[in-house]
Amino acid sequence: MSRLAIGLCLLVIALFAASLLIGPAGTAPGESLSALIAGDGGPLTLVMREIRLPRAILALMIGASLGLAGAAMQGYLRNPLAEPGLIGVSGSAALGAVLSLQTGLAAAFALALPLSALLGALIGMGLVMALAGPRGGSLTLILAGIAVSALAAALTSLVLNLSPNPFAASEIVFWMMGSLADRSLTHVMLALPLMALGGVLLALVGRGLDALTLGEDAAGAMGIDLRRLRLTIVTGTACVVGAGTAVAGAIGFVGLVVPHVLRPLVGARPSRLLWASALGGAAMLLAADIAVRVILPARDLKLGVVTALVGAPLFLHLILKLRTARI
Amino acid sequence: MLASHRASDPRRGSGRRGAAARLAPAALAALAALAPAARADPPGRVVSMNLCTDQLAMLIADEGQLHSVSHVALDPRASAMADEAARHTINHGRAEEVYLMQPDLVVTSTLSARHSTAMLRRLGIPVITLAPANSLKDVHDRILEMGAALGQTDRARAIAAAFDEDLARLRATAAARPSAVLYYANGYTLGDQTLAGQILLAAGFSNAASAAGYKSGTRMPLEVLAMTVPDTVITSSRYPGASRAEDIMDHPVVQTLRRTTTAATIADHDWLCGTPHVLRAIEKLVHTRRALQGDGP
C-alpha cells in the first residue's frame with residue numbers, strides 16, 4: 001500500500017508544481033516560485049498568487065473529489081460504469097448552478113451558487129438511483145444516466161439561451177465540458193466548504209464498501225446499515241460534484257478512468273481504492289489542465305475535451321469487457 | 001466639445017435634416033436640371049439590416065427615405081440612436097421579412113449574414129454592403145459611402161466634414177501618454193488596428209496590448225495582462241443576466257490594475273460602430289486620461 005501511496009503523492013506534487021510553473025506569461029521557474037512565496041508585490045506575484053495558485057488548487061481539489069466520488073459510486077453500485085459525469089450528476093449540478101446564476105440567486109449570498117449546484121446534483125442522483133433501482137444492472141444505470149444527462153443538458157442550454165446576456169449562450173460549452181481558466185481564490189473559497197464536507201462523508205464509507213463486496217446480506221450481517229451507507233454516498237457525491245461543477249463546469253470521465261486504472265493496484269479493495277482514486281483523480285485533472293494550457297495556450301480549450309479523449313476509449317473497452325463477461 | 005455634441009446628438013441631427021428637407025425640393029430640382037444624367041433618383045424605400053448601417057442611415061437619410069432598421073438598433077446598450085430607431089419599422093435581418101417590405105435598396109454590413117443578403121440579391125433587390133470601420137478615417141469614408149448609397153452626397157459630405165473638424169479639436173496632443181488596455185468579456189482585447197484601438201489613441205492613451213503584440217482583436221490571457229502592467233484597464237460595460245465571460249472583470253488581477261478611481265468603462269453604443277458617435281467615446285476618455293494624469297478635467 002505504502003509504495004503506491006508514496007508514488008501517487010509524488011506524482012501529485014510534481015504535477016502541482018508544474019501547474020504553478022506553466023502559463024502564457026512564460027517566466028523562469030525559480031523567479032516564479034520566489035514571487036509566489038516571498039511576494040514582492042510586483043506583477044509576477046499577482047500572476048502566481050491570483051491566477052496560477054487558485055487554478056492549481058482547484059485542479060487538485062476537483063480532481064481528487066471526482067476520483068473519490070467515482071470510486072465510492074462504483075463500490076456501492078458494484079458497477080465499473082458508475083461515474084458522476086456519465087450518469088448525469090455533473091450535468092444536473094451544472095443546471096442547478098446555471099439556474100442560480102441566471103436568476104440572480106448566486107449574487108444574493110456567497111454560498112448560493114455551490115448550494116444550488118448541490119441541490120441539482122442531489123435531484124439528478126436521486127432520479128438516476130430511483131430509475132435504475134438499488135440492484136439495477138449496468139444497462140438500466142447507463143440508460144437512466146443518459147436520460148438524466150440529456151434532460152439536464154437540454155434545460156441548461158435552454159436557460160442560457162433565454163438569458164438576456166449575449167455571452168450566456170456561448171457558455172453552454174463551458175458548463176458541459178468544464179474549464180479552470182481565469183478562476184480566482186474566491187472560487188476556491190466557494191467550493192471548499194461543501195467539498196470538504198463531501199470528502200469527509202465519502203472517506204468514511206470504506207468499511208461499508210468492503211463489506212458490500214460480500215453481498216448485501218453478508219454486509220447487513222456484519223452490522224452495515226445499508227440505507228445509511230446509501231444516504232452517505234449520495235450526499236457525499238452530490239456535495240463534491242456540486243461544489244466542483246459550480247466553479248469549473250461538468251468535467252467527465254475522471255471518476256471512470258482513475259478507479260479503473262488503480263483497481264488492480266489496490267487488490268480491488270474498495271476502501272483502499274477510495275484514497276488511491278482521490279490522489280489519482282487529482283493527478284489526472286492537474287495533468288489535463290496542464291495539457292489544455294500547453295496545447296492551445298490562448299484559446300481556453302475545455303478540460304472535458306482532454307478527459308473525454310482519454311476516457312471515452314476506456315469506456316468502450318469497459319463495455320466490451322462487460323459484454324464478454326456476461327456471455 | 002459643443003460641436004461634437006451637435007454632430008452626435010440625434011435630435012439635433014433630425015432638426016438639421018428637417019431644415020435640409022425644407023430646402024431639398026428646390027436644391028434637387030436645380031441639381032436635376034443641371035445634371036440630368038448624373039444619377040437615378042435616390043432610393044425611396046431603404047431597409048438597413050445591421051446596427052452600424054442603421055445608425056449611419058438614420059443620420060444621413062432623408063425624411064421618410066429609411067423604412068426599416070434592425071432590432072439591435074433599439075437596444076440602448078448597443079445603439080446610440082435607440083430613440084430614433086423606435087420611430088422606424090423594425091426588422092430582424094431575415095431575408096423573408098426584408099423582401100416583404102419591398103425595399104428599393106438594402107444596406108448592411110459586409111459582416112452580416114451572407115445567406116440573407118445572397119437570397120435578397122437573387123430575388124432582385126439591390127444590396128449595398130459597407131465594410132466595418134477599423135479606423136477613424138474609415139468612419140469618414142463610411143459616412144460618404146452611405147451618402148452615395150442613399151443619394152444624399154451633400155448631406156454626407158457636411159456630416160463628414162463636421163466629424164473631421166470635431167475630431168481634430170478632440171485629438172490629443174498629450175506629451176505623456178498613459179498606457180491602457182481595453183479588456184472585454186472573455187479576456188478579449190483590441191489593438192491599434194481596430195476602431196476601439198484608434199479611439200484609445202485619439203484620446204491620448206497608448207495601447208499596452210498593442211505594445212505586447214496584440215495588434216488586432218484577440219484573447220489576451222489574464223497572466224499576460226498582469227505582466228504588461230498598464231496604467232489602467234478599460235473594461236467593457238456589463239449586460240444584464242450573468243455570464244462567466246464577464247466574470248473576468250471581477251478577477252482580482254483586473255481589479256488590482258483598475259486601482260485608479262477614474263477607471264473607465266466602454267459604453268458599447270459609442271464604441272461599436274464607425275459613426276460620429278465615436279467622438280463621445282473619445283471625449284469621455286480624454287476626461288479619464290486627464291483625471292489619471294492629475295490635472296483635472
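Buried denotes a residue with under 20% relative accessible area, exposed one with over 50%, and partly exposed one in between (1.4 Å probe, protein chains only). The model shown is predicted: local features need pLDDT of at least 70, side-chain atom pairs count only at pLDDT 80 or more, and totals for chains, interfaces and linings use all residues. Residues are numbered from 1 along each chain as its sequence is written, chains are lettered from A and ligands numbered from 1 in the order in which they are written, and side-chain values use heavy atoms, with hydrogens and water left out.

View 1. Helix α3 (residues 51-60) of chain B is mostly covered, with 9 of its 10 residues buried; helices (H or I, at least four residues) and strands (E, at least two) are DSSP runs, numbered from the N terminus. Among the buried residues of α3(B) are B:Leu51, B:Leu56, B:Met58 and B:Ile60, and B:Thr53, B:Asp54 and B:Gln55 are also on that list. The N-terminal end of α3(B) is capped by B:Asn50, a side-chain oxygen of which lies 2.8 Å from the backbone nitrogen of B:Cys52.

**View 2. Surroundings of B:Thr194.** B:Thr194 is found in the loop between β7 (188-190) and α9 (195-202) of chain B. With a relative accessible area of 10%, B:Thr194 is buried. The side chain of B:Thr194 reaches two backbone atoms, the oxygen of B:Gly191 at 2.7 Å and the nitrogen of B:Gly197 at 3.0 Å. Leaving aside residues up to four places away in sequence, B:Thr194 touches B:Asn134, B:Ser216 and B:Gly217, where contact means heavy atoms within 4.5 Å.

**View 3. The interface of chain B and chain A.** The contact takes 23 residues from chain B and 30 residues from chain A. The size of an interface is often given as the accessible area lost when the parts come together. Here the area buried between chain B and chain A is about 2,300 Å², and carbon and sulfur atoms give 63% of that area; buried area is the accessible area (1.4 Å probe) that two parts lose on being put together, summed over both. Across this interface there are 2 salt bridges, a salt bridge being a side-chain nitrogen of Lys or Arg within 4 Å of a carboxyl oxygen of Asp or Glu. B:Arg219 forms a salt bridge with A:Asp182, with the closest N and O atoms 3.9 Å apart. Between chain B and chain A, 12 residue pairs are in polar contact (both at pLDDT 80 or more). A polar contact is a pair of N or O atoms within 3.5 Å; within protein, one must be able to donate a hydrogen and the other to accept it, and residues adjacent in sequence count only if both atoms are side-chain atoms. On the side of chain B that touches chain A, the elements giving two or more residues are α11 (222-228), α12 (244-247) and α13 (252-257) of chain B. Of these, α11(B) gives the most, with 5 residues.

View 4. The structure holds 17 salt bridges over all chains. In one of them, A:Arg78 pairs with A:Glu216, the closest N and O atoms being 3.1 Å apart. A:Arg78 lies in the loop between α3 (43-77) and α4 (89-102) of chain A and A:Glu216 in helix α11 (residues 216-221) of chain A, so this pair ties together parts that are 138 residues apart in sequence. A:Arg78 is partly exposed, at a relative accessible area of 41%. A:Arg269 forms a salt bridge with A:Asp210, with 3.2 Å between the closest N and O atoms. This pair links distant parts of the chain, 59 residues apart: A:Arg269 lies in the loop between α13 (254-262) and α14 (270-295) of chain A, and A:Asp210 in helix α10 (residues 206-212) of chain A. A:Arg269 is partly exposed, with a relative accessible area of 43%, whereas A:Asp210 counts as buried at 18% relative accessibility.

View 5. The side chains of A:Arg293 and A:Asp289 meet in a salt bridge (3.1 Å, N to O). A:Arg293 and A:Asp289 both lie in helix α14 of chain A, 4 residues apart, about one turn of the helix. Both A:Arg293 and A:Asp289 are buried. A network of salt bridges links A:Arg55, A:Asp289 and A:Arg293.
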